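Dear colleague,

I am passing on the structure we spoke about, and my notes on what was found in it follow directly below. Please read them with the model open beside you.

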Amino acid sequence: MMVRDIGTDDPRVRVRAGKSSRPRTKNRPNWTTKPLGRVIGIDRGRYRVILDEASVEVQAVRAKELGRGSIIMGDHVRLTGDLSGRVDTLARIVAVEERATVLRRSLEDAADQKGEKAIVANAQVMCIVVALADPPPRTGMIDRCLVAAFEAGLEPLLCLTKADLASPDELIEAYRDFDVRVVVTNLGGADDSLSPGNDGVDAIRELLAGRFSVLVGHSGVGKSTLINALVPHAHRAVGHVNEVTGRGRHTSTSSQAFELPTGGWIVDTPGVRSFGLGHVSVDDVLGVFPDVADATQWCLPLCTHLPDEVSCALDTWRTGGTPFEAIDEDEAERRSHRVESARRLLDAVATAEAVSKAAR
């Protein structure tokens, strides 16, 4: 047998064995019986996982075969290894269970504007945090978040903060016809604590109890302050809004889930500048308004259903004109509100697409 030439006679040099020609077995391990847990924190390749049965928190790494980016916040995962939760021990995530919901946004600032970022899996509630002032509210951001929530199958909750700086009446009226609950909170004060007698946070705590929720919103709107009010031991760092740009500073650099005293979990995400909707279609928006969707069947092909479409059937449907049935004034007003609500979300999708195309 020919001796392999390793280029040296030094016996201390160990040579890695050559690659075997034997095919890899197709009999893969069965992980379905392994303990199940939920990802509640991700930081530089380390995953914080809370075990379902023992309620023990463990540190884990990802199995190589799962691939990079295959695990996101909120995933239900199967684990092996050391599951004691002791310091300096590591478990290994070997499988990811099927996701019930996935909240994601398109990356308008990506190189090809086609990327998507999955934010959280298996969430039930999307809490959209908006400041009434400092920084001023941006309805375009709210509309985009609502579209993303509806597309992902999450229940939207609109949380208006800093009520001590501005009145919430205008924003509440703007979203009166949307299927979204609005809660007003006052997280003002020099020490960012709750103002005496404010019931807003109590209402949010009650709505989120026993559920897995996610907070989204611009930087500086008060997400971290809200987390500290809901979870006293969270100790999230809070920042201030730049007086020149009117934008907040990123204080949360990674997603992290916190257990609520009343049960359930809430995920604090880093603030975002924009919320891309490249993954959302017109049908996803119309699915939120079934009666409006039925009326669009009378539209011409490729109709955008926006106000500048002269042949859009929605303008006729809202007034009860032919070919639709005649309606009274109350029904006409109701339909008008429905059409305006649908068009606001459609405009958010169209604007997101235009921004993406302009950046290419």
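Strand β3 (residues 57-62) and strand β5 (residues 91-96) pair in the parallel sense over three bridges, where helices (H or I, at least four residues) and strands (E, at least two) are DSSP runs numbered from the N terminus, and two strands pair if DSSP finds at least two bridges between them. Within this pairing, R62 stands opposite I93 in β5. Before going further, please note that this is a predicted model, in which local features need pLDDT of at least 70 and side-chain atom pairs count only at pLDDT 80 or more, while totals for chains, interfaces and linings use all residues. Residues are numbered from 1 along each chain as its sequence is written, and side-chain values use heavy atoms, with hydrogens and water left out.

β3 also pairs with β2, here in the antiparallel sense and over four bridges, and the bridge partner of I50 in β3 is E57. The hairpin of β2 and β3 has five residues between the strands, and S55 takes a positive phi near 55 degrees there. R48 lies in strand β2 (residues 46-51) and is buried, with a relative accessible area of 19%; buried means under 20% relative accessible area, exposed over 50%, and partly exposed in between, with a 1.4 Å probe and protein chains only. Leaving aside neighbours within four places in sequence, R48 is in contact (heavy atoms within 4.5 Å) with residues that include R38, E57, Q59 and Q256.

Turning to the helices, the buried residues of α3 (residues 200-208) are G200, V201, I204, R205, L207 and L208. Seen down the axis of α3, these buried residues fall within an arc of 165 degrees, so they line one face of the helix; the arc is that of the directions from the helix axis to the C-beta atoms. They pack against several elements, among them β8 (125-131), β11 (212-216) and α4 (223-230). After α3 comes G210, whose phi is positive, near 75 degrees.

α3 and α4 pack at an angle of about 75 degrees, with their axes 10 Å apart, the axes being lines fitted to C-alpha atoms, for helices over the stretch in contact, and the angles running from 0 to 180 degrees between N-to-C directions. The two helices, α3 and α4, are therefore roughly perpendicular to each other, a term that covers 65 to 115 degrees, whereas under 35 counts as roughly parallel, over 145 as roughly antiparallel and the rest as oblique. This contact is made by V201, I204, R205 and L208 of α3 and by L226, A229 and L230 of α4.

As for the interior, a nonpolar core is a set of buried Ala, Val, Leu, Ile, Met, Phe, Trp, Tyr and Cys residues joined through side-chain atoms within 4.5 Å. Of the 55 residues in the largest one, L103, V120, M126, L146 and V214 touch the most other members, and helix α1 (residues 139-152) gives the most to this core, with nine residues. A second, separate core of 22 residues includes V125, L207, L215 and V221.

Finally, L165 lies in the loop between β9 and α2 (169-174) and, at 47% relative accessibility, counts as partly exposed. L165 and L132 are 33 residues apart in sequence and 7.0 Å apart in space, C-alpha to C-alpha.

With best wishes
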